[in-house]
Amino acid sequence: MSRAAVRQLVWLGLAGTGIFIALMVALSWAATITGGGTTAGRAFDLDTKSITIFLDDEPPQLDSRRTSDTISGMVLGHIMEGLLRYDARNQVVPGVAERWEIRPTGATFWLRNTARWSDGKPVTAHDFVFAWRTVVDPATASDYAFILYYVKNGEAINSSKMPPDQLGVRAISDSVLEVDFERPAAFFDKLVTFPTYFPIRQDFQASRGVRYAADAQDLLFNGPFVMTRWAHGANIRLEKNQEYWNRDAIRLNAIDIPYITSDTPTLVNLFKDGSLVWARLGPEQFEEAMKLRWNVARYGDGSIWYVDFNFRPERPTRNLNLRRALQLVTDPNEIVNRVIAIPGYKPLNSLFPAWLPGLNGLFRQEYPPPAITLSIDEARKHLEMAKKELGVDQIPPLVLLSDDTILANKEAEYFQSLYKRTLNLDIRIDKQIFKQRIAKHNAGDFDMVLAGWGPDYADPLTFGDLYASFNGNNRSLYNNPAYDAQVRIAQNSTDQSARMDAFAEMQRIMIEDAVHLPTHERGRVFVQAPQLKGVVHRAIGTEPDFTDAYLVEAP
Amino acid sequence: MLAYTFKRLIQGVITVWFIATATFFAMHAVPGDPLANERATTEAIRKNLEARYGLDRPVTEQYVLFLGNMMRGDFGISFTQENRRVNDIIRESFPVSATLGILAVAFAAFGGVVWGALTAIYRNRLPDLVITFLVILGISVPGFVVAALGQLALVDINAWLGFSLLPIAGWGSIRHMIVPSMVLGLGTMAYLTRLMRSSMLEITNSDFIRTARAKGLPPTRIFLKHQLRNAILPVITVLGPSIAAITTGGFVVELVFAIPGLGRSFVQSVQQLDYTVIMGTTVFYGAFLVFMVIVVDLLYGLIDPRVRLE
């Protein structure tokens with residue numbers, strides 16, 4: 001009985017395996033006719049000059065006028081080009097414009113006549129006028145319209161107070177673009193590198209309508225690469241743009257992106273297996289990489305992270321002595337080294353991160369922030385003063401709003417125990433998903449909040465205006481005329497050294513007034529195949545940037 | 001049979017409507033602002049966005065609108081991928097999830113039946129003990145651990161072989177499908193093995209098997225026709241729901257193996273409060289689940305002559 005049964009089972013098992021394989025064949029055939037995925041190649045190929053990389057996520061929006069995230073920004077930075085661009089050393093260099101002039105009241109850009117769209121037609125000043133007008137048109141509902149407020153009437157148009165054709169930008173001819181400023185913008189050259197300022201050709205956009213940028217064939221390119229395939233969530237392929245004006249300088253023929261994932265163990269496995277040319281490391285992979293003696297590199301992603309206070313009238317955090325007490329026991333070094341403990345992160349003790357350019361070198365080296373001497377005794381004195389001023393015996397529990405991420409949880413719990421231990425303050429952690437954290441942050445429903453800010457352009461103002469009373473992003477409602485005055489100087493002055501002095505003053509006020517508690521600059525660590533050179537990782541702009549990348553034989 | 005099918009389909013439609021309604025109101029009750037972003041926008045933009053997604057109307061009106069659109073099979077435009085229709089997202093990524101799911105279920109079903117029958121035949125002997133131990137392991141180890149371990153093992157195998165036997169991650173060819181589908185099906189296979197084992201044992205001791213043996217039927221026939229066919233019924237019962245569960249629950253496997261399935265949209269939409277994608281994927285998955293249950297009930301009638309569908 002049982003032997004016969006086992007024989008039957010073996011047959012059944014074999015039949016099962018057969019059916020399983022047949023199913024796979026059938027399904028993969030079905031997949032090829034519906035065009036789902038594609039087979040991935042190797043990490044790099046010296047002969048075809050192609051590389052294989054990953055993206056953290058599907059790029060949500062490749063319409064440059066409406067895009068607001070870094071992943072779309074990375075893809076757009078390769079397939080499109082603005083008037084100017086950043087080079088490998090983060091200096092502004094010519095893009096579509098070959099020369100430019102910035103005056104206190106406006107700017108003029110002279111476009112190169114070799115700039116072409118991927119269909120061979122020239123890129124003209126009209127393409128910029130069209131794109132910029134639709135950005136500020138409230139019907140477009142662009143999240144980043146504010147970045148065009150430096151152009152005359154930008155804000156008024158965006159608030160429906162004027163029609164879009166009143167925007168202060170004109171095409172003098174096909175190759176000369178003239179911009180009128182709403183207020184002086186000494187860093188306008190940096191602004192036009194931003195995707196929101198990219199050109200879009202009206203006739204092409206009109207031919208696609210709402211489908212514009214929804215698929216690879218619904219995009220027209222003017223950057224170093226063109227997108228030849230975009231299987232959503234699965235696969236993207238970029239190829240060298242044969243119409244690009246600087247095509248001779250582009251040394252890669254193709255960039256394959258067959259992996260859309262941010263899972264660092266998977267990325268490292270793929271890198272080990274020779275399927276990815278670079279991989280980002282998480283803390284666990286970092287240790288492994290050190291053991292394997294891989295060449296690990298670091299870069300900062302440019303963002304700063306801090307604890308924001310609520311300055312609304314009914315909140316105890318409005319009291320300077322309370323904020324000072326908290327400031328005097330908060331040590332960014334300890335937070336980065338003991339709490340976050342992720343390689344690549346740096347302690348932050350200013351509103352301005354260390355990478356920001358200053359007058360000649362780096363801002364923070366030219367204007368170091370005033371030091372804070374941590375002291376629990378001093379902190380307790382300030383706490384007592386705060387209680388007296390607030391007229392309470394005990395500070396009520398403070399609500400600490402935070403994102404529901406592993407890192408934010410760790411930090412929030414650290415603050416909770418730190419402030420209990422040192423100041424006997426009770427902290428109530430309010431953990432929320434990102435959208436709800438933002439909603440509560442907007443509504444002022446918090447005492448303290450773990451927040452962060454990413455830069456839009458390489459000028460200290462991208463962080464500096466955050467705490468201006470007239471800035472919609474100032475969710476703490478911090479309101480200090482002295483601070484506002486400095487922001488106005490930085491916005492309106494074209495004298496760089498006067499602007500830098502203003503930033504230094506903002507930096508001082510932020511610390512003096514304990515407006516927020518900076519904690520860290522976010523960093524990333526990664527490994528990369530030694531055959532790949534010329535990749536730029538940067539805090540601002542296209543990141544990572546493969547425009548100037550090239551392959552060499554193994555060293 | 002026809003009347004029964006019709007009745008079940010009507011019930012199914014009502015169930016899906018209920019799922020849609022419950023999800024819709026639960027979703028709107030979740031705190032958070034789907035349009036909020038790090039960068040503040042002007043009042044005018046905010047109004048335009050609200051109008052685009054119909055958020056400027058009262059919730060009940062939104063609900064009526066949603067139902068109307070759903071009847072026409074239109075779930076609207078995604079909040080996060082602003083120029084993509086939810087229907088397109090489902091149409092492009094569901095086939096991937098389904099492929100993975102079907103393979104995983106096939107793997108689980110065949111494996112479960114074969115291992116289950118084996119353990120029953122070798123009851124309390126060494127093969128039974130070994131397989132049962134592995135089964136308990138398979139049931140208790142969570143999917144993401146199996147997925148991560150499977151991938152790690154693959155890296156080492158490839159490195160040891162000196163060439164890429166199977167890809168580590170990604171999607172597109174047969175070679176990409178093998179490991180993820182096995183990882184995804186493992187838990188179900190373990191569960192089915194146990195189910196098959198107990199059901200086999202019960203039947204082996206039943207009267208009609210003894211009768212079959214007594215009247216001198218060849219053992220092969222007894223095993224295939226009487227034992228296996230009867231024992232497999234409970235397995236079929238759970239197969240329908242597990243197809244749906246596996247297909248919809250592959251998120252972790254999809255994440256680890258970088259597979260472009262619907263699971264990612266399903267999970268991310270909830271985290272990002274992407275209202276239209278939440279509704280689209282939930283209703284779609286709900287309908288799929290209900291449909292699979294009906295199919296299994298109908299199949300039951302075909303396999304077991306004792307079951308009458310009326």
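Q: In which sense do strands β9 and β10 of chain A pair, and over how many bridges?
A: Strands pair if DSSP finds at least two bridges between them; strands (E, at least two residues) and helices (H or I, at least four) are DSSP runs, numbered from the N terminus. Here β9(A) and β10(A), residues 235-240, pair in the antiparallel sense over six bridges. Ile236(A) in β10(A) is the bridge partner of Trp230(A). This is a predicted model, in which local features need pLDDT of at least 70, side-chain atom pairs count only at pLDDT 80 or more, and totals for chains, interfaces and linings use all residues. Residues are numbered from 1 along each chain as its sequence is written, chains are lettered from A and ligands numbered from 1 in the order written, and side-chain values use heavy atoms, leaving out hydrogens and water.

Q: Which sheet do these strands belong to, and what lies across β9(A) and β10(A)?
A: The open sheet has five strands of chain A in the order β1-β2-β11-β10-β9, with mixed pairing. Its edge strands, β1 (44-45) and β9 (225-231), each pair on one side only. Helix α2(A), residues 70-79, lies across β2 (50-55), β9, β10 and β11 (254-260) of chain A, at about 135° to β9(A).

Q: How many bridges join β8(A) to β6(A) and to β7(A)?
A: Five bridges join β6(A), residues 106-111, to β8(A), residues 176-180, and the two run antiparallel. Trp110(A) stands opposite Val176(A). Four bridges join β7(A), residues 169-173, to β8(A), also antiparallel, and Val169(A) has Val179(A) as its partner. β7(A) and β8(A) form a hairpin with two residues between them.

Q: Which residues touch the most other members of the largest nonpolar core?
A: In soluble globular proteins, nonpolar side chains tend to be buried together. The largest core here has 249 residues, and Phe109(A), Trp132(A), Phe188(A), Met227(A) and Phe546(A) touch the most other members. Its largest share, 20 residues, comes from helix α4 (residues 86-121) of chain B.

Q: At what angle do helices α12 and α13 of chain A cross?
A: Two packed helices are described by the angle between their axes and the distance between the axes. Axes are lines fitted to C-alpha atoms, for helices over the stretch in contact (heavy atoms within 4.5 Å), with angles from 0 to 180 degrees between N-to-C directions. The axes of α12(A), residues 376-390, and α13(A), residues 406-423, come within 10 Å and cross at roughly 85°. The contact is made by Ile376(A), Ala379(A), Arg380(A) and Leu383(A) of α12(A) and Arg421(A), Thr422(A) and Leu423(A) of α13(A).

Notes
A nonpolar core is a set of buried Ala, Val, Leu, Ile, Met, Phe, Trp, Tyr and Cys residues joined through side-chain atoms within 4.5 Å. Buried means under 20% relative accessible area, exposed over 50%, partly exposed in between (1.4 Å probe, protein chains only).
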